Amino acid sequence: MSKIENFEMPDELYYHSEHSWAKVEGGKVRVGMTDFFQSQAGAVVYVDLPDEDDDVEQGEVCGKIQTRKWIGKLVAPVSGTVAEINEELDEDNTLINKDPYNKGWVLVIEPSSLEEDLANLIHGDKVVDWIKSEIKRAEDLKAKGAKE
């Protein structure tokens, strides 16, 4: 597990630039939202997810995650068929905040082109530069908002 500034970023995960993560588990991919996302978004109050057996494409918005501040998009990090939804999120949306990489997982995808899709995601040494640029972008947006 890497900690970049104040954000936990597990080394074994692959990341989409829209802050969903992908964890390869056997032949399937578990998906969730990053610690950076949940920290910036605030407390999750509602999650709108696709149905099981829905087909999703890499980079496609396949769900919405609403907080008190805004509505965020869940972007599929890989293409395939939704195999499972985390039904515990119906009972407690804040699992995404409390435990984004374990109990707060969102869905599982049966991938259709895993190796090709993983090559398009952020992984390994690239994660540090990416999350630092996201931190700077968030700081710039806050500074801009404070001036207006």
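In what order do the six strands of the open sheet lie? In this predicted model, the order is β3-β4-β5-β11-β10-β7, and the pairing is antiparallel. Strands β3 (14–15) and β7 (55–56) stand at the edges with a single partner strand each, so one side of each has no neighbour in the sheet. Further in, strand β5 (residues 28–33) pairs with strand β11 (residues 107–111) in the antiparallel sense over three bridges, and Val29 has Ile109 in β11 as its bridge partner.

The largest nonpolar core holds 27 residues, of which Leu49, Ile65, Leu74, Ile96, Val106 and Leu107 touch the most other members. Among the elements that give two or more residues to this core are β5, α1, β11 and α4 (114–119), and β5 gives the most, with three residues. A second, separate core of 16 residues includes Met9, Tyr15, Phe36 and Ile131.

Phe36 is found in helix α1 (residues 35–41) and counts as buried because its relative accessibility is 6%, where the cut-off is under 20%. The C-alpha atoms of Phe36 and Glu139 are separated by 13 Å, although these two residues lie 103 residues apart along the chain.

Methods: Residues are numbered from 1 along each chain as its sequence is written. This is a predicted model: local features need pLDDT of at least 70, side-chain atom pairs count only at pLDDT 80 or more; totals for chains, interfaces and linings use all residues. Side-chain values use heavy atoms; hydrogens and water are left out. Helices (H or I, at least four residues) and strands (E, at least two) are DSSP runs, numbered from the N terminus. Buried means under 20% relative accessible area, exposed over 50%, partly exposed in between (1.4 Å probe, protein chains only). Two strands pair if DSSP finds at least two bridges between them. A nonpolar core is a set of buried Ala, Val, Leu, Ile, Met, Phe, Trp, Tyr and Cys residues joined through side-chain atoms within 4.5 Å.
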